[in-house]
Amino acid sequence: MLIVGAFSGQPEAIAWARDNLQNRYGPVALESPCFDFTETHYYDAPMGQRLRLQLLGFRQLIDSAALAAVKLATHQAEQEYARRHQAAGGRIVRPLNLDPGYLSLGKWVLATTKDQAHRVYLGEGVFAEVTLRYEHGDYVPWPWTYPNYRRDDYRAFFRAARAVYARLLRGGD
């Protein structure tokens with residue numbers, strides 16, 4: 001199941017991302033609330049403050065081999081929104097960040113352009129990281145899991161997404 005984290009300090013950017021992603025990947029099957037992103041100030045300079053992240057899970061399932069292509073497409077969407085934002089007089093350099101990944105019954109895999117020892121190269125500058133693993137009824141973080149994905153509220157979303165994904169695998173809506 002494709003899940004994309006739409007990350008911004010501007011609610012209109014997250015709404016635009018949702019519409020753009022639905023045009024590419026079909027209807028959203030479930031969405032999280034907009035979580036406050038308070039774990040790091042790494043993104044403050046390019047993105048501003050009071051950042052929020054909403055997770056969007058899509059009804060149309062993807063092949064895991066498509067993850068690199070999805071990451072490249074979401075990067076293009078980020079750039080498109082940034083051009084529109086700046087043309088309208090916006091001053092934020094990076095008003096939107098889209099982090100795609102896929103959920104399986106056993107794991108949450110995140111796509112990234114940042115290499116690390118625990119990441120696998122997919123091609124075209126994209127790496128994959130198993131960010132959470134499913135054990136004993138919950139998604140469990142690894143030592144390298146980003147702090148926000150360790151949070152109980154995020155992991156509750158992934159448990160709910162797993163139930164929707166299992167239903168979709170069985171052919172249900």
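**Aromatic pairs**

I searched the whole structure, a predicted model, for aromatic pairs and found 16. For these I paired rings of Phe, Tyr and Trp (its six-membered ring) with centres within 6.5 Å, calling planes under 30 degrees apart stacked, over 60 edge-to-face and the rest tilted. I looked up Trp108 and Phe158: their ring centres lie 4.8 Å apart with the planes at 40°, so I noted the pair as tilted. Trp108 belongs to strand E6 and Phe158 to helix H5, so this pair ties together parts that are 50 residues apart in sequence. My helices (H or I, at least four residues) and strands (E, at least two) are DSSP runs, numbered from the N terminus.

Next I checked burial, where buried means under 20% relative accessible area, exposed over 50% and partly exposed in between (1.4 Å probe, protein chains only). Trp108 is buried at 0% relative accessibility, and Phe158 is buried with 0% as well. Then I turned to Tyr149 and Tyr154, whose ring centres are 5.5 Å apart with planes at 85°, so that pair is edge-to-face. Tyr149 is buried at 2% and Tyr154 at 0%. I also noted a cluster linked by ring pairs, with Phe35, Tyr134 and Tyr139 among its members.

**Ground rules**

A note to myself: residues are numbered from 1 along each chain as its sequence is written, and side-chain values use heavy atoms, with hydrogens and water left out. Because this is a predicted model, local features need pLDDT of at least 70 and side-chain atom pairs count only at pLDDT 80 or more, while totals for chains, interfaces and linings use all residues.

**Nonpolar cores**

I then asked which residues have the most contacts inside the largest nonpolar core. They are Met1, Ile3, Leu55, Leu103, Trp108 and Phe158, in a core of 24 residues. A core here is a set of buried Ala, Val, Leu, Ile, Met, Phe, Trp, Tyr and Cys residues joined through side-chain atoms within 4.5 Å. Strands E1 (2–8), E4 (52–58) and E6 (107–112) and helix H5 each supply at least two residues of this core. The largest share, 7 residues, comes from H5. Apart from this core I found another, of 18 residues, including Ala17, Tyr25, Tyr81 and Leu96.

**Salt bridges**

I got 12 salt bridges in the structure, each a side-chain nitrogen of Lys or Arg within 4 Å of a carboxyl oxygen of Asp or Glu. In one of them, Asp99 meets Lys71 at 3.8 Å, N to O. The pair links distant parts of the chain, 28 residues apart: Asp99 sits in strand E5 (residues 97–103) and Lys71 in helix H3 (residues 67–87). Asp99 counts as buried at 16% relative accessibility, and Lys71 counts as buried at 8%.

Arg155 and Asp138 form another bridge, with the closest N and O atoms 2.7 Å apart. Arg155 lies in helix H5 (residues 152–169) and Asp138 in strand E9 (residues 138–141), so the bridge ties together parts 17 residues apart in sequence. Arg155 is buried at 12%, and Asp138 is buried at 18%. Asp138 also meets the side chain of Arg159 in a salt bridge (2.7 Å, N to O). Is Arg159 buried or partly exposed? Arg159 is partly exposed, at 33%. Through shared partners, salt bridges join Asp138, Asp152, Arg155 and Arg159 into one network.
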